[in-house]
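This briefing sets out selected contacts within and between chains. Please consult the sequence and the structure shown below while reading.

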There are 4 protein chains.
Amino acid sequence: MLKIALIGAGRIGKVHAANIAHHGRAELSAVFDVDQHAAESLAAKYGAKAQQDLDAALDDADAAMICSSTDTHVEMIRRAAEKNKAIFCEKPIDLDMAKVNACLDDVKKAGVPLMIGFNRRFDPHFRALKDALSRGEIGKLEVLRITSRDPEPPPPAYVAVSGGIFRDMMIHDFDMARFLLAEEPVQVFAVGSALVDPEIGKAGDVDTAAVTLTTASGRICQISNSRRAIYGYDQRVEVHGARGLLRAENHLENSVEVATGAGFRRAPAQNFFLERYEAAYLAEMRHFVEAVLSGKSPKPGIEDGLRAQMLADAAAMSLETGLPVRP
Amino acid sequence: MLKIALIGAGRIGKVHAANIAHHGRAELSAVFDVDQHAAESLAAKYGAKAQQDLDAALDDADAAMICSSTDTHVEMIRRAAEKNKAIFCEKPIDLDMAKVNACLDDVKKAGVPLMIGFNRRFDPHFRALKDALSRGEIGKLEVLRITSRDPEPPPPAYVAVSGGIFRDMMIHDFDMARFLLAEEPVQVFAVGSALVDPEIGKAGDVDTAAVTLTTASGRICQISNSRRAIYGYDQRVEVHGARGLLRAENHLENSVEVATGAGFRRAPAQNFFLERYEAAYLAEMRHFVEAVLSGKSPKPGIEDGLRAQMLADAAAMSLETGLPVRP
Amino acid sequence: MLKIALIGAGRIGKVHAANIAHHGRAELSAVFDVDQHAAESLAAKYGAKAQQDLDAALDDADAAMICSSTDTHVEMIRRAAEKNKAIFCEKPIDLDMAKVNACLDDVKKAGVPLMIGFNRRFDPHFRALKDALSRGEIGKLEVLRITSRDPEPPPPAYVAVSGGIFRDMMIHDFDMARFLLAEEPVQVFAVGSALVDPEIGKAGDVDTAAVTLTTASGRICQISNSRRAIYGYDQRVEVHGARGLLRAENHLENSVEVATGAGFRRAPAQNFFLERYEAAYLAEMRHFVEAVLSGKSPKPGIEDGLRAQMLADAAAMSLETGLPVRP
Amino acid sequence: MLKIALIGAGRIGKVHAANIAHHGRAELSAVFDVDQHAAESLAAKYGAKAQQDLDAALDDADAAMICSSTDTHVEMIRRAAEKNKAIFCEKPIDLDMAKVNACLDDVKKAGVPLMIGFNRRFDPHFRALKDALSRGEIGKLEVLRITSRDPEPPPPAYVAVSGGIFRDMMIHDFDMARFLLAEEPVQVFAVGSALVDPEIGKAGDVDTAAVTLTTASGRICQISNSRRAIYGYDQRVEVHGARGLLRAENHLENSVEVATGAGFRRAPAQNFFLERYEAAYLAEMRHFVEAVLSGKSPKPGIEDGLRAQMLADAAAMSLETGLPVRP
């Protein structure tokens, strides 16, 4: 049985808490949150202790699940590593690469497992795509195309502290690109505009972006991001190989089609990321628990978190300079 | 080169005329129509003679293409058979089975080839389905389902002389059922209602009908007909076999999908039978010309025309009596 | 809080137990099963009591959830009704209509709510279809078509005691037909064959069946059943109205498409009914709990259970006699 | 009636000849080809004169249809312009922009209409997409994505004289981008690799390429090209606007779906560009004939040919330098 201390009882913390409770070999031992009320309410639901003292929360646990705000991640990772706990940390580790590197050095020294919350790797549909690719169904990968469009833009206040679209949103796609390309990108070229909301532009960010990655062997990856998709959360992956094409399509709200004089209409795509990736969050937690209990390194790990952030930084620099950048 | 006399210069006659002109080994030699103006106009377009004298039209030709009104078919078939011409006749041969039988006896005696215009057998899509079935892709056929829905009901005046929905419309589906079942139905059960247009009910017909066919070996076929489909001409076939399913879906007006807050919408189905079955009419003519030129019997032939009409008659009797009928 | 005694700890009982545990306002108070071990194991999982004494199980509960074998349903319903408990009973109530009628009279006299487990009414997709129909998106219903094909046939031993395909399998479709037609069928015509497994034929049943229902206003419903669908559990509904078409398509195992020289291939349909109807079972339980707690009659109720069985009986008689039957 | 002299009786010349013959207000007056036999054979088919003398071919015509090899286009355009004929010229005008500019100056001076054969603008499906965009169905365009993948690579000998993938293949996509963006790109960034056939790499070209275009207002266009798609000719367009998404999907060889234990499989995409764009070539010719007869400028015209080639040149330079290029 793996006892897990949850740090951060917000939206994503609640998802993880439910999945821990659902897992037969894990239990939620403690909930820590600066908002004491949130901690208590979540802890009560699953028979865990609400802790105001982080040390106490960690001492009693085997693993730390870090879901607090991004600016606290590095500190939380350090404290859990010092106590030799297995760590799960939501992405990104930190917006500052220097801090990320220092932190990861500490984790390596401590020798504790660290898993980064790139949940999409665990989506059963992307996983089925990856499996088909690994089985060689379409031969060697040549071209990859990733589409991520959020249903609606975040508030400008969030944008201002988010680290920008590449570090906050496209980082998931950079990880997916690495996951599928099976080769590190050697060049990043980014373009972007504030087309959805001029306030996002004023906050120094873009809301519509396209990135081209290339690898040493000549593989090409195109990523398309937008902060708006009124037909639902748009999450698609398309892979071209020497012998064919694999693509994962959007998930619609229901399976009903209505045909009238206007044509054949199906439902919008599932709109909410927690609904779209419900199975992914569950599988991700299962992987973490099982890896830690069996003494294996959970994946995606330290290196994966680092590499995705390097691509995000390179994209940000490419947008700023107008030039392709080596990550 | 096969010289063809066209009898009937109406809508379907024009389609056949164009396809004859398009065929490298056939030519339109004469056009006969009670409407002399229609005959002249169509003949002029393809360099044929407009004939007011049916004998003259036939004498100069190798084959007769009969596209006149249904009540004239039997007479036209007899006259062409007497002159030993190959015959293509639009369905149905006649609404009166006694006349049909007598006529077909004459044709058999004359020994001329006769092809019935069940164009759907030549649709490349249904043909691909049939080919997959014949190749054994889904094993032995067990269940067949055919959907035919016209975009809109015909005028009540037409309904009154049409012979009813089973002989006028579902006869195509009876032929398709025979084509795919590869076994003769031994029982026909029909239900029907006038839901689309009460005038059709007053004219003694139904506009919405469902038929169940069964064969001696236990195969089951469900047919669904309606005189209305506002999303376009609905033409679908679904076949279940021991090892899977084959289905031919509708053809949409274009390949564009639009996604908005209301969902994902595609175009209506092609609305007009001449557009939907354009390729089928062309392939049908090609088959007729090539079969006749090479001395083979074109298919569907006499027997096919007869059998489909027997099923239509049985369905009409089933609707009238409320009982299953042996055709 | 609604305390529920579960009667029958088999496959479907386990599903309901989990959904009760998941519901915020219900709790599993007792589990009764002739297999004491099964009762104990399930009870332990959710903190309920395993009871060997049915009376004790019922006394402590507000409601009875009857998931035992069909031949015990009537007895269990009577005992729960005598103790004035709200009742949820899996379909069918009994294979013998006389017993069903007597039992339902008892329930009516006792005045307790009784809900029948026609889970498909609660499937979010069929529900979305029904809602669109109720909103008038396609106008008045004219034609209904229901497809249900099980992934594979049950063992012949099960078939022998199942009551036959109409009472065991198509009963769900009869309920769906009533749910959507919003008008009682006045005629049932059935055909059927043993094409999938000759042993099923020897057991006196069919494995491939088609039924045509008609209503007084002329609505037509075609149902197609088979005990085999190797491409997955085939569950489709298609409704034609005066202004269009609604259809609910199958749910595929994943959203990945692979394109090779052989074409574009998507995953098989979800194969297992518990996976396909997972959300339906959850919603069904939610409805039962909320209706009982708020003093409303849960639906589908007594009348619905009765009517569906009358249609099943009529279909069985139609198959036997070869004639259409008034239910 | 527009009399048209066809220059070049090759594959595409034959398509245009058939479409001219099919048009009610145009006729093929002459066919000129360096291969006298090809000219005669095609001329005979449509009752035109096979001319060995270009002047004679042009003198007798109202318009010249230039389908000869690319290196002769400029010369043919000049000769037709001198004789004051309306001109249709297949793309590209020439691989050398200096020659193109000089030639187009001559055309402008002569004041004759010149249409460039960007046939995809006339595809009914892309046209439907463009119309929906113009009607504002998805609001203002923000992101455009174009996929073009040929079924198989051309022979290396062709590649060597083709001008490279951007001028030979992607030029169609550059024109489509301009057609849909309704704003000129101000930056072009290209990447490319020889992944399909190393011989193409040795010939100094790439066979897999991705281009990012940006416009002054911040619109982003991603183009993906490959010389191989074993699932058929892959031609897709996707447009994101402020209020939704429009996409045109591939055209499959037939409408049949087969479902087995392996899943649901549809046919490959139509494999041959003449089949996929059959309707586009017909509509293109109709537009040319009608524009010239009514004294209007056919579109796409001189400027469109020029602009698409400028984008192709910029892409080639971007690939060479590794930097974004202003066209």
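**Domains of chain A**

The C-alpha centres of domain 1 and domain 2 of chain A are 25 Å apart. The domain assignment places domain 1 of chain A at 2–112 and domain 2 of chain A at 120–321; such bounds come from an automatic or database domain assignment. The model is predicted, so that local features need pLDDT of at least 70 and side-chain atom pairs count only at pLDDT 80 or more, while totals for chains, interfaces and linings use all residues. Residues are numbered from 1 along each chain as its sequence is written, and chains are lettered from A and ligands numbered from 1 in the order in which they are written.

- Domain 1 of chain A gives 20 residues to the contact and domain 2 of chain A gives 17 residues, where contact means C-beta atoms, placed from the backbone, within 7 Å.
- On the side of domain 1 of chain A that touches domain 2 of chain A, two or more residues come from each of helix 1 (11–22), strand 5 (86–89) and helix 5 (97–110) of chain A. Helices (H or I, at least four residues) and strands (E, at least two) are DSSP runs, numbered from the N terminus.
- Helix 5 of chain A provides the largest share of that side, five residues.

**Helix packing in chain C**

- Helix 4 (residues 73–82) and helix 5 (residues 97–110) of chain C have axes that come within 9 Å and cross at roughly 10°.
- Helix 4 of chain C is therefore roughly parallel to helix 5 of chain C, a term for angles under 35 degrees.
- Val74(C), Ile77(C), Arg78(C), Ala81(C) and Glu82(C) of helix 4 meet Lys99(C), Cys103(C), Asp106(C), Val107(C) and Ala110(C) of helix 5.

**Interface of chains A and C**

- In this interface, 22 residues of chain C are in contact with 22 residues of chain A.
- Helix 6 (124–134), strand 12 (244–248) and strand 13 (256–260) of chain C each supply at least two residues of the side of chain C that touches chain A.
- Strand 13 (residues 256–260) of chain A and strand 12 of chain C run antiparallel and are joined by four bridges.
- Val256(A) stands opposite Ala248(C) in strand 12 of chain C.

**Thr147 of chain D**

- Thr147(D) lies in strand 7 (residues 141–149) of chain D.
- Thr147(D) counts as buried because it has 21 C-beta neighbours inside 10 Å; the cut-off is 20 or more other C-beta atoms within 10 Å.
- Beyond its neighbours within four places in sequence, Thr147(D) is in contact with Ser224(D), Asp234(D) and Arg236(D).

Technical notes. Axes fitted to C-alpha atoms, helices over the stretch in contact; angles between N-to-C directions. Parallel < 35°, antiparallel > 145°, perpendicular 65-115°, else oblique. Contact = placed C-beta atoms within 7 Å. Pairing = 2+ DSSP bridges. Buried ≥ 20, exposed ≤ 12 C-beta atoms within 10 Å, placed from the backbone.
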